[in-house]
Each structure stands twice: as structure tokens, then as C-alpha cells.
Amino acid sequence: MAIPFPFSAIVGQDEMKLAIQIVAIDPKVGGILALGDRGTGKSTAVRALADLLPPLQVVVGCRYGCDPASSGATCSDCTSLKATGKRPKTETRPVPVVDLPLGASEDRVVGALDLEKALSQGVKAFSPGLLAQANRGFLYIDEVNLLEDHLVDLLIDVAASGENVVEREGLSVRHPARFVLVGSGNPEEGELRPQLLDRFGLSVEVRTPQDIDQRIAVIKRRDAFERDPQGFRDEWATQNEGLREHILKARKLLDKVKVGDDLLRLCAQLCQALGTDGLRAELTLMRACRSLAAMQGHKAATPAHLRTVAPMALRHRLRRNPLDDTGSGTRVERALTEVLGA
Amino acid sequence: MNLAWDDALWALAALHIDPVGLRGIWLRSPHGPVRDEWLTLLQHLRPGVRRLPNNIDSERLLGGLDLSATLNTGRPVTQAGLLAQSDQSLLLAPMAERMANEAAAILAQVLDSGRVTPHGGGDTQDARLGLIALDEALEDEPAMAETLQERLGIWLDLRHLGRQAQASDEVLGLIGVLCSPDEEADEERQNIIRRLRTLRLNDEQIQAITQMSQAMGIASLRGPLACVRLACVLAALRESDEVQDQDLGRAARLCLTPRATQMPAPPEQEAPPEQAQEPLEPQPETPEPPQDEPAPPDNEQPSDTEQPPDSPDSPEEDTPPQNMGELLLEAALASLPPDVLAQLAQSSKTQIRGGGQSRSGDVRQSRSRGSPLPPRPGLPRQGARLHVLATLGHAAPRQKLRTPLASSQGAANRLAIRAEDFHIHRFAERTQTCLIFAIDASGSAALHRLAEAKGAVELLLAQSYARRDQVCVVGFRGTQAEVLLPPTKSLVRAKRSLAGLLGGGGTPLPHAMKLALELALQQRRLGVTPSLVMLCDGRANVSLQGSGGRAQAFQESLSLANAWRSQGLQSIWIDTSARPEPQAEQLAQAMGAHYVPLPQANSQRMAQVVQAAPRHSEPDRAKLSN
């Protein structure tokens, strides 16, 4: 595996780092869409995501990495394991962060007939694809706006249902595929379909740091990393460890964080003012507030939390109004001022 | 001595030493003796460097199932793709400007991650490589995909290099040693690599590079990073123990100067990013801004940077960082490519909504022609062609599953192919583009600028002719807008219709926009990608009803502009008023247009357009610079 750049060594990019931490604390917030110019370090930040995530408990022998604690066996592997009557063994595994390469074939994404078995034993078996690998983890698509249409359709469906249904080549398989979608891209190169946009919980705009000292720091660290990736990672291991513990602590606190009715009302007002469709925006707002509160060690989410997460959670959900050309960020700010007061 | 060829050879040697660290080179040059010589030297340095055929499909690029081996052995055999095969080496991509977007995106990803995942799945493989992208695009043609440009460390432009270009003995000797047939060459290379590991830039040098890249308006940090790396490689090549000014200068010329989006101002005048596309105001003491020089004036550059740059926190004039920055700047500008302005113009062109493909039409999927995309499952009907290899590849591993049935039919040694195996060819096709010119010939415009506007249109016409675009001209004045020239490819007719355009009367801008929109939508239905070039001062004063009333006309124009934008159509707005007109800019924004004021007092901008079309004749230049 290529060695990723350590998360704690990333300079600047505060919004992006915040979004990643919010999602790491509560994956239910939904995915992250990072938009920005080239060379701003979008993919560096996303690939460093794995640093933050505490490992998972999985069932040994389950190709979909099911959670041993979950009651109802959902996948075929777990069912057949259960049928043997023995208690399944468990193991810890790092959270999967799966890269979806642009050239990937549909077979590779969805899964296909296991060629090895078909050839050698003449057996029809399913070989899981990237969606199965990403179950309970993250699926990362760099240059998401260049993704081929048929793959986009597929992802939209699976991301919504949390289940991958394969009906092809005489195979009939369904397996859990609950993953957090993370995309990055340069909006100049192509727009994203609103349906796909909606599957991302948060969106951030990434820019290159304008501050000369920050730029120098980026270049120094990146250069040091390229010269000796492992050594550089070791240098930052302590900071990364601290960050991970912080996330773990926040996760434990998450269920205790209160989101009051008055805050929910504010969320609803905000969404109404911006005319976002459906309840997904409100849900995302609420979860993101809770996650941010937990991250800061607070027991209750406040309007201040809402103010911080609202641009990220709403920016990409606004309908484009042909008569109003203000950027969506400004529109969110305006609505925030309206609802929360200056 | 012209530094360009010397730099080119240093770049070549550096790529040979450190292909992976530098990620490769974007080499812009037509096919010709200069490039041939460079490539011959490359062949000597790296015999058997792999070539990337332009029509390569992603399967070959990424690797996938080896059909014959799979059939022979009865188990799936994967074949490494070209990328994995080029691990730790250089890969040559000729005609990179024609590369399919898909392939460019894949290459960009691999350059970033150094890993490649085979097409059908399987383990990822190492693919740490440097790409030599040969770009033959002419000035007015779309260059290589920007995603890919961005990743390549070195940018080299040999388009204006004559055959008599010379290089220093130092670099020639070095390449001679590295080319020598015996083990000496390899030993030398290993020595240099060993030295490279120990070389570092000091803080001051890194600061100088960062500052300069910012002053040049380079937003991406990949440029300065490549510059840092290249400076070390160059120092290692010279067998130096430390990175010196000449290495920094050379590296800046190869990595930073070509990426510049603005002329570097003295350090204290750091331009905010919004101004990145704007030409700088000429310095009062320099009568001509250096941009306007057709050739790089080596000894004039310093005069631009001689003013003592002082930053707020250090009043002393000779603090080392500034000195370093100045030296570096001077070195970087020493071989300023003559078309730096064409590049600037180009980089601003790509801001047009719709992205980098705008200039050659949208890409759409086709079943019959274009550059190949990976095959997809599907039935060969409605003009789709069967992709035999992919179909066989799909059927082959499944034979054992199907044999019971096949043998019962007495065809045991035939391949059993089912409908689900069928794969079809897919291609990406570029559609045609139609440029719609809407020209304001009203009184307000005619008096001032009609002649200039016509000149600008002629330039744009010449460019679009070179791109085989269709053009269409709409003129508007008085109370009417009319199609002076329906979509055509005839440049002569377009010019004639322009010449016949007389000025005077009101500005029925809403009419013109409505007509242009109708034309554009009609063209789009025909499968042509339309884009609009609007030449107008934005001062609409005739409404759709044909009555006067500025406010009404402006409101109508605004809502039509929004309609234009919501259709996702592309446009450029050239403001023909004497000084940039807020109304025009507002309308351009509403349209999502790229707004270009046609300035009167300072002819820089126009000169840029002129330089971007170098084959254009002199008289027009005189006319336009006014």
C-alpha cells in the first residue's frame, strides 16, 4: 500500500479538516465532497482520513466485514457461518478507505462472477467488488465529476439503500454496502448531478493557502514526506495518535450530546429559508451539530455549532436560482444571519 | 546564448535521474528537428523507453485479464498494464493533446498515487513513473488535459526554438557521460542519485521559491514543489554539495515561469488572487510593459525588478531573502518564452463555464467513432459494434460452467457464448462548435469602437477557422437584431458580412440576446455545441417591444442572460465601451460569461489577443492598439 501523508501534518485547510473529523466521529452525517482547484491538497486530506479512524470489529471469514455485534445476520457469509452452529470469531481491522479508480469497470465496483472458481472448479460463485470492500468504511472517488455516468447511477442507488444488489450472469446476490461517500473534484471540469450531490452530507471548498508562511510550511512538509514517507509518518505518529484518541473520546460522548427542540427548530427554519428539498438537509445539520459538539467536549449542541456546520451541510443542496447569482456560500450566510441574528 | 535549449537538456538529464520525483515533463513542441534531437538523446539515455499509443484503452493502460493465457492455462491470468510495466521508469506519450480525457484522468491518478489497479480488479501494483507528454497543439488549439499538465513537474516549451540553439558544454558533457554505453554511465547515475538523497534546500531558498510562485500567480502548490525537487536534482547533476543559485534559477525557469498566470510584481506588491487574470498596470518608469516584447529582453528585465523591494517587517534593503528572491526572479525571466502571454490568455480562456473542453466542443459518447472508451456489456444493435475481444474475454472464464450444456449439444470444442457475454464498442466523440458573434452596432458603440470590435471579431474568426468551427454573426442596432450570417464555415463570407455592418441607432440588446439564444438552442438541437461572443457595451436602451427605456431594456437583458446561463451555454462578453462598464460586467456575470473589457487607454489586453493569434497580419495590430 502506498503510504499516506499523515493527517496531523496537513497545513491549513481548516474547513476540510473539520469536516473530516465531524464525519469520522459520526459517519451517519454522510459523506464529504471536497471541491477546489488543482494542487490544493484535496486528495491528500482525504487519503489521510484513515489516520483518524479507530479500528473495527469484524466477523472473521465474512467478506463484507460485518459487525459481530449486529443482531440480524444480513449477508450470506454471516448466514452460512451461523448455520455451522459455531460462534463466529472476531478480529479487529482498520476501517476500510477504498479508492474507486476512474477506470474501474462495473464488474470491479459491483462484484462479479468469481473467475478463478468458475475456471478451475466450474462453480458459480460471487466475487465481491469495491462496494463490498467499502462496507462500514469510506469509498473515495477522486475527480468525482469525471466518473462515468453508469457508475454514478450505480453509486447513487447503493449509497441510498446501503445494499448492493447483484443480478447478473446468473448470480443473484445482495450484500450490505453501507459506506461513507467521499468525493473530490474541480467543479470547472464538470458539474455533478444534483442527485449525486445530495448523497454527500457535507461539502467543503478547498483553496490553496494564500499566506506565504503556510505555503512554505506545506512545501517543506511535502518535500520531507516525498523523500522519506515512512520516516515522516513516524515523526507525526504521536500527533496522529492524539487525534485518534480525541475522536474516540468524542464518539463516546456522541450519544450523550443533547440537541434541543429549539435548535431543531432553527435547523428547520434555516432549511426553509434556503428552500432545500426534503428532510435530508435538516438531518445532516442536526447530526453535524451533534458531532461537532461532541468533538469540542460539549454536552449540548448550540446555535454556535449550527453556525459552524451550516455552510458545509447546506452549500451543495441549494437549488440554482437563475435570477440570483450570488454564490451558494453567501446565500447560506445570509440565511444564517436571518435565522440566528447577526 | 539562448537558455531554452540548455534548459531543455538539463531537464532531460534531470528526468533521467529522477523520473519518479519529478513526475515527468509537459513538452510543447511541434514535430521537428529540435524535438527530434531531444528525443534522440532520450533514446540514448533510456534505450527502449515505452511509448503510450494515443488510442490506448484503459484495459491496456491498467492491465487486465490476459485472454490467451487464461484460455491456455484454464485459470485467470492477469497481464500488467503499460503503467505497471513502466514502474520506476519513464513513459512517453506522443500527441498528448489528443489524449482521451479518460486516459488523462487515469494517468493523473497514477502519477499522484504511484499505484495502479488492474481493470478487472486484482491487487494494486506499483506504478511510480515519470511521464513525457509530447504536446503538438498549435497556439489556438486545445492543449493537453489540464489535470495532466498540473501533475507533470517540468513544463518545457520548444515551440519557438530555432535549430541553431546551443547548449553549454557542461550539460552536453554530462549527457555524454550518462549516455556512454559501458557501465560507467550507470555508475554515474547511481552516484548522482546518491548525492541527490543528501541534498536539501535551505529555508531561505524554499522561501524564495514559494514567494516567487505566489508572485507569478501560481495557485497550485505542485509547481513550487516540483521546483524544489528539480533544484536538488540539478545540483546533484552538477556534482555540487549544495543547491546553488544557478540550480534554483534553472529550476524556476522549468517549473515556475511557464506556469505563471501574471507577471511577477516586486515582492511587496503581492497581488491578491482575484487579480490573477488581470494584466498588471505598466510601471510608470517603464514605457512599455515587458509583456509586450516579442522576444525576451535579457537585459531589460532587471529594470523591472530593480526597485528595492521592502517588506513591512524588514526595512533593510539587502536582507538575504529578498536578494535571493530578486536573483531568482531574474534567472527565471531570463528565458521567458515569447508566448507567455498566449499562455496567460489561454489560462483565462479556460475559465469559461463548461471547462477546458469548451474550445473543441463537448464530448459525447458515440457508438461509431471517436477515441475508444472501455467496452461495456450490451447487445450489438442500433449501430453498436460488437467488441469481439471483450466478448471472448467475458465468455472464456465461464466455459467450464457452460460445458454440460454445450457438450450435450455435441459442440464440446466450441466456445459457448451467451448474450450476456456481448460487449460493445464505445467511443468518445467531440462535437462541432459554433461560435455566435453578436455585435453591437448602435450609435454609442459605433462612434467609439465599432472598427476595433470588428478587428477583434476578425481575429477570433481566424482562430475559429483554424479550429474548423462554424461561425454565425448577429448584428444589432436601431430597434432590431438580425442574423447577418447564418452558421457557416466560410471565413470570407463572415468577413464580408462584418464589413457591411454599419453603425448608428439605439441598442436593442434584449433583441440580440433573444436571437442569439434561439440560434444557440437550435444549434444545440443539431448536435453542435454553441457558444456566444457578445461584443457590446451593455448599455441597453431598446426593450423587446421596441420602445425606449433603459431600465426596462436592462431588466429584459438580465433575465435573458440568466436564461442563457441556465441553459448551460458558454459565452464570452467583450465590453466595447470606452472604460469597463458595470452594466456590461453585471450582464456578463449573469450569463456566466467570461468578461473581457476591450480597454482603450491600454492596449495590453488587445495585444494579448493579437499575440494569441500569431499568424495574424500586422495592419490589424496597428488598428487594434489604436
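1. Two strands are taken as paired if DSSP finds at least two bridges between them, and it is in this sense that the pairing of strands is discussed here for what is a predicted model. In chain B, strand β1 (residues 24-28) and β8(B) run parallel and are joined by five bridges; one position to look at is Ile25(B), whose bridge partner in β8(B) is Ile132(B).

2. Strand β8(B) also pairs with β5 (residues 89-93) of chain B, again in the parallel sense and over five bridges. Here Ala93(B) has Ala133(B) as its bridge partner in β8(B).

3. For helix α22(B), the geometry can be checked directly: with 17 residues at 1.5 Å a residue, the helix should span 24 Å, and because its end C-alpha atoms are 24 Å apart, the two values agree. Just after this helix, Gly568(B) takes a positive phi of about 70°.

4. The buried residues of α22(B) are Ala553(B), Phe554(B), Glu556(B), Ser557(B), Leu558(B), Leu560(B), Ala561(B), Trp564(B) and Arg565(B). Among the elements that cover them are α21 (509-525), β17 (570-575) and α23 of chain B.

5. Turning to the two chains together, 47 residues of chain B are in contact with 40 residues of chain A. On the chain B side, the elements that give two or more residues are α4 (58-62), α7 (101-113), α11 (203-215), α12 (222-237), α18 (399-408), α22 (550-566) and α23 (582-591). The most is given by α7(B), with seven residues, and the residues on this side of chain B divide into 16 nonpolar, 21 polar and ten charged.

6. As for chain A, its secondary structure comes to 15 helices and eleven strands, and 46% of its 342 residues count as buried. Among the contacts in chain A that link residues at least 6 apart in sequence, 75% join residues at least 24 apart.

Key
Residues are numbered from 1 along each chain as its sequence is written. Chains are lettered from A and ligands numbered from 1 in the order in which they are written. This is a predicted model: local features need pLDDT of at least 70, side-chain atom pairs count only at pLDDT 80 or more; totals for chains, interfaces and linings use all residues. Two residues are in contact if their C-beta atoms, placed from the backbone, lie within 7 Å. Helices (H or I, at least four residues) and strands (E, at least two) are DSSP runs, numbered from the N terminus. Ala, Val, Leu, Ile, Met, Phe, Trp, Tyr, Cys and Pro count as nonpolar, Asp, Glu, Lys and Arg as charged, and the others, Gly among them, as polar. A residue is buried if 20 or more other C-beta atoms lie within 10 Å of its own, exposed if 12 or fewer, and partly exposed in between; C-beta atoms are placed from the backbone. The expected span of a helix is 1.5 Å times one less than its number of residues.
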